[in-house]
Amino acid sequence: MKGGGGDEVEKDILEQLYRIHTKAVYLYLYTLCHNHDLAEDLMQETFLRALCSLEIAQSELLPWLLTVARNLYLDTWRREKRLEKENERHKVEPATGKGILEMMIQKERNQNLYQAIQKLKDIEREAVVLYYFAGISQEEIGSILNLSYGNTRVILYRAKKNLKKLLEGEEMMRE
């Protein structure tokens, strides 16, 4: 017989949490660091921290997970910068039922969108990924990025406008 039923309930909650939010947390982290392995490691660390703090209400869970993920990334980034300064010779390089034609066109569109998003300012890129890909509200984005609601709205508006210009520029270059 197992110890208290609470352990089993917490395990079920964590598994459900992982299934629901893993894609959003990974995408957000990958957008920040551009490195699959690092994003995977940070995602695992994020969910490990979630395991230690399961008392948070589920309605607040994804913004909290993304805040934890962002903080882990920033800690890792700072550590890497510090190591880079200490030893310049060891620089860290960033990791660089449809038909086949439809799938190829969609893949190209996705690549163009991804490349355009990468050209945005850091804060715009983070806001776009959080809002459009992770489905986080503007209020929650403001909380994650330490911005006011109004500032978040302006950043998203500018990012959308810049993305449109970048994507239209791609279309003109192809013609």
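Lys161 is partly exposed, with a relative accessible area of 45% (buried means under 20%, exposed over 50%, partly exposed in between, with a 1.4 Å probe and protein chains only). Let's work outwards from there. This is a predicted model, in which local features need pLDDT of at least 70, side-chain atom pairs count only at pLDDT 80 or more, and totals for chains, interfaces and linings use all residues. Residues are numbered from 1 along each chain as its sequence is written, and side-chain values use heavy atoms, with hydrogens and water left out.

**Exercise 1. Find the element that holds Lys161, and name the positive surface patch.**

Step 1: Lys161 sits in helix α7 (residues 149–174). Helices here are DSSP runs of H or I with at least four residues, strands are E runs of at least two, and both are numbered from the N terminus.

Step 2: Together with Lys121, Arg158 and Lys165, Lys161 makes up a positive surface patch. Patch residues have over 30% relative accessible area and no salt bridge, with like charges joined within 9 Å and nonpolar side chains (Val, Leu, Ile, Met, Phe, Trp, Tyr) within 5 Å.

**Exercise 2. Work through the salt bridges in the whole structure.**

Step 1: The search finds 3 salt bridges, each a side-chain nitrogen of Lys or Arg within 4 Å of a carboxyl oxygen of Asp or Glu.

Step 2: Take Glu126 and Arg70, whose closest N and O atoms are 2.8 Å apart. Both residues are buried.

Step 3: Next come Arg78 and Asp75, bridged at 3.4 Å, N to O. They are separated by about one helical turn because they lie 3 residues apart in helix α3 (residues 61–86). Arg78 is partly exposed at 45%, and Asp75 is partly exposed at 35%.

Step 4: Finish with Asp122 and Arg125, with closest N and O atoms 2.4 Å apart. Both lie in helix α5 (residues 122–133), 3 residues apart, about one turn of the helix. Arg125 is buried, at 9% relative accessible area.

**Exercise 3. Describe how Tyr18 and Phe47 pair.**

Step 1: The whole structure holds 4 aromatic pairs. Rings of Phe, Tyr and Trp (its six-membered ring) pair if their centres lie within 6.5 Å; planes under 30 degrees apart are stacked, over 60 edge-to-face, and the rest tilted.

Step 2: Tyr18 and Phe47 are edge-to-face, at 4.9 Å centre to centre and 65 degrees between the planes.

Step 3: This pair links distant parts of the chain, with Tyr18 in helix α1 (residues 5–33) and Phe47 in helix α2 (residues 36–52), 29 residues apart.

Step 4: Tyr18 is partly exposed at 31%, while Phe47 is buried at 4%.

How values were computed: Accessible areas come from the Shrake-Rupley method with a 1.4 Å probe; for residues, only the protein chains shown count as cover. Lys and Arg count as positive and Asp and Glu as negative; His and the chain ends are not counted. The place of a charge is taken as NZ of Lys, CZ of Arg, CG of Asp or CD of Glu.
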